[in-house]
Amino acid sequence: MGEFWPVPDVLAYLAGRWRVERSVRDLASGERGEFTGTTLFSPLESGGLLHEESGTFVWQGVARPAERTLRFLPGSSPGTADVRFADGRPFHDLDLTVGRHLADHPCAADLYRGEFTVLDEDRWRSVWRVRGPAKDLVLTTGYVREPTVSARL
């Protein structure tokens, strides 16, 4: 297979539980942090997936619990997603039909530019580059699918 793993249906691909490791680099200060935890993509009654991430974020030697919730709704074309914050505000689109996608999200005066790549059937990555007057960051997140546990009769 080539450099990227094409995904015909992003919502079907993401469904389930993923281990998450994220590095955060502040390019202005040189500070580094990391997040470790899990992300669960579970079905929404209205269609799409609820993304619930929880874990521990370590910054400047201090560990804190961290969590976020997003909604991955069916996108404008088959197999894509419209990603929204928990309160319904738009975040970005997501189309992994070729295994790679670029997305922008303006946040006040800062610009978040994301690159999403699918490495194989059980691994994908996002890299957000954040630039502006308030931030100069690189956030790199690796996702590894957790094996499903089948019930025994």
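Does Gln60 count as buried or exposed?

A: Gln60 counts as exposed, because its relative accessibility is 55% and the cut-off for exposed is over 50%. Keep in mind that this is a predicted model. Gln60 sits in a loop. Strand E3 (49-59) lies on one side of that loop, and strand E4 (62-74) on the other.

Now look at the backbone. Gln60 has a positive phi of about 55 degrees, although it is not a glycine. Most residues other than glycine have a negative phi.

Ala108 is not a glycine, yet its phi is positive, at about 55 degrees. Its loop runs between strand E7 (100-107) and strand E8. Ala108 counts as exposed, since its relative accessibility is 81%.

Step on into strand E8, which covers residues 110-120. Asp110 lies in this strand. Asp110 is buried, yet it has no salt bridge. Lys135 is the nearest side chain of opposite charge, and it is 4.4 Å away. The side chain of Asp110 does reach a backbone nitrogen, that of Ala134, at 3.2 Å. Leave aside the neighbours within four places in sequence. Asp110 is then in contact with His105, Val130, Arg131, Gly132, Pro133, Ala134 and Lys135.

Asp120 is also in strand E8. Its side chain joins that of Arg123 through a polar contact of 2.9 Å. Beyond the neighbours within four places in sequence, Asp120 is in contact with Trp5 and Tyr13.

The structure holds nine aromatic pairs. One of them joins Tyr13 and Trp18. Tyr13 is buried, with a relative accessible area of 9%. Trp18 is buried as well, with a value of 0%. Trp18 also pairs with Trp124, edge-to-face. Here the centres are 6.2 Å apart and the planes are at 90 degrees. Trp18 lies in strand E1 (residues 16-26) and Trp124 in strand E9 (residues 123-131), so this pair ties together parts that are 106 residues apart in sequence. Trp124 counts as buried, at 3% relative accessibility.

Arg145 lies over the face of its ring, 5.2 Å from the ring centre.

Finish with a group of rings. Phe85, Phe91, Tyr112, Phe116 and Trp128 form one aromatic cluster. Phe85 of this cluster has a charge over its ring: the charged end of Arg89 sits there, 4.4 Å from the centre.

Terms used
Residues numbered from 1 in each chain as written. Predicted model: local features only at pLDDT ≥ 70, side-chain atom pairs only at ≥ 80, totals over all residues. Heavy atoms only, no water. Helix = DSSP H or I, 4+ residues; strand = E, 2+ residues; numbered from the N terminus. Buried < 20%, exposed > 50% of the residue type's maximum accessible area, 1.4 Å probe, protein only. Lys, Arg positive; Asp, Glu negative; His and termini not counted. Salt bridge = Lys/Arg side-chain N within 4 Å of Asp/Glu carboxyl O. Polar contact = N/O pair within 3.5 Å; in protein donor to acceptor, adjacent residues only side chain to side chain. Contact = heavy atoms within 4.5 Å. Phe/Tyr/Trp six-rings, centres within 6.5 Å; stacked < 30°, edge-to-face > 60°. Lys NZ or Arg CZ within 6 Å of the ring centre and 35° of its normal.
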